[in-house]
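Hello,

Here is the structure I promised to pass on to you.

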Amino acid sequence: MESLANSISSTFMKFADFAFTHFVRAIAETMIMCALFALCVKPAAGQVIDPNSTCNNNSGQTSTNICYDGGNVMAAPTNAYVIYYGNWATSTQTIVNNWLHNVGGTNLFGINAAYHDSAGFAVQNILNFPYNGVAYTNAYQDYQNAGDDYQTLGTQLNGDAAIRQIVSDVISAHHLPADTNGVYFVLTAWNVSQINTGFGSFCSAYIAYHASSTAIISGSTIKYAMVGNPLYSTQCSQYFDGNYLRGDSTTPNGNLAADAVINLIFHELSEAVTDPTLLTWGGTRPHANENGDLCEWNFADTAGFSHLPMAGNGAHYNITIAGINYLIQKLFQVRVTSALAQGSFYPGSCEMGNVSITSSLNPSTVGQAVTLSATVAGLAGRIPTGTVTFYFGYGGQIGNPTTLVNGQGNITYTFNNSKNPAYIYAVYSGDTYYDRSNSPLLYQVINQ
Ligand SMILES: [Zn+2]
């Protein structure tokens, strides 16, 4: 799929998403919380949870779709909490905190709002991470004070239990509230390792995961995530940062730790709200794909990473939020009928704009007219508009851009004898909802 995959093992590329014990209460609890605060949004009548019937009961999950398992999404406005475990530079915290403060309400985070559940609720495009003019109130640094977990648990965290312990202790000490509408991120510093999770060690098997537990606050389902500093250090063999993995030598904010962690937080946050207890949008366990997984390390359309705009420092970025540039992975937008009609969604959902190309006559003969057709596959209920333009693989445009009709564009072309074989591809222009994207190469044989 992505050429990047060749340079890193699939095990390493895969973020681990594991459920832990005690997740059966999620359905009732989510509904109770929503009813209690009247904060949840019900989608319009007639919306279909899972239009791909073969996807039900997990039998139909593919590399291009994910399945609904029957659980609940986080339907109330989500509150993010961050625990900086260990030594994180203030400048790094500021960048991460500011991003969390602003990412709610963006088209990017709004892709999560396409995810509904069988109770009729949907994720809302709201993420609360308040800034009170002095401090980001949902952030806490667990480092300096005697008695803090950093002093007692140290730099080698033992199992996921250590993450739950950190969250529990910070809540118990009233540094952060206990909140079932929250996602608690434990960000571990560059010198912190984690072992014995049952699915390997930090930076050898995973770099981030999300989970839930009812043991942190007895009887309440607390959603949390572990995100390590994924940079070359005592833990990691290389930088697990999008810019560095794609060949850039810096990141949009010039702060490698902050930019790398933001991308990972976005991945786990999106999965947490759509699959909070790993019973909702994620398909068959284990090895389920959640909405972050199908797009992981995917930052650009198929025209490539170099197609992205470049910040002043030379780092590529793909989104600007509140005036600040970031490179953040795309997110899978589930194929739910009419979901897109709810609002404006980020056009960069990674599965969009799949372009196929066919020829009416292959092989053909010199002088024969051949009709080339490009079809742009959209999501259910949203037919792509715009144009397709055909090109020779070795350079040169074929005819003029043609406007899509029902997602398809055709052009008739008469090949001469200088083009055998012809490698041809189509480029879709993109529109309000779908990204620009390219078709695979068509191998057109032109006989004399
Ligand atoms: Zn994931």
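Below is what turned up, starting with how to read the notes.

This is a predicted model, in which local features need pLDDT of at least 70 and side-chain atom pairs count only at pLDDT 80 or more, while totals for chains, interfaces and linings use all residues. Residues are numbered from 1 along each chain as its sequence is written. Helices (H or I, at least four residues) and strands (E, at least two) are DSSP runs, numbered from the N terminus.

First, the core. A nonpolar core here is a set of buried Ala, Val, Leu, Ile, Met, Phe, Trp, Tyr and Cys residues joined through C-beta atoms within 7 Å; buried means 20 or more other C-beta atoms within 10 Å of a residue's own, exposed means 12 or fewer, and partly exposed is in between, with C-beta atoms placed from the backbone. The largest such core has 89 residues, and Ile83, Val167, Phe185, Val186, Leu187 and Val261 touch the most other members. Helix α8 (residues 256-274) gives the largest share of this core, 12 residues. Another core, of 17 residues, lies apart from it and includes Val370, Val388, Phe390 and Ala422.

Next, some backbone details in loops. Asparagine 196, between β6 (193-195) and β7 (208-217), has a positive phi near 60° without being a glycine. Alanine 322, in the loop between β9 (319-321) and β10 (324-326), is also not a glycine, yet its phi is positive at about 50°. Finally, the peptide bond from asparagine 362 to proline 363 is cis, with omega near 5°.

Best wishes
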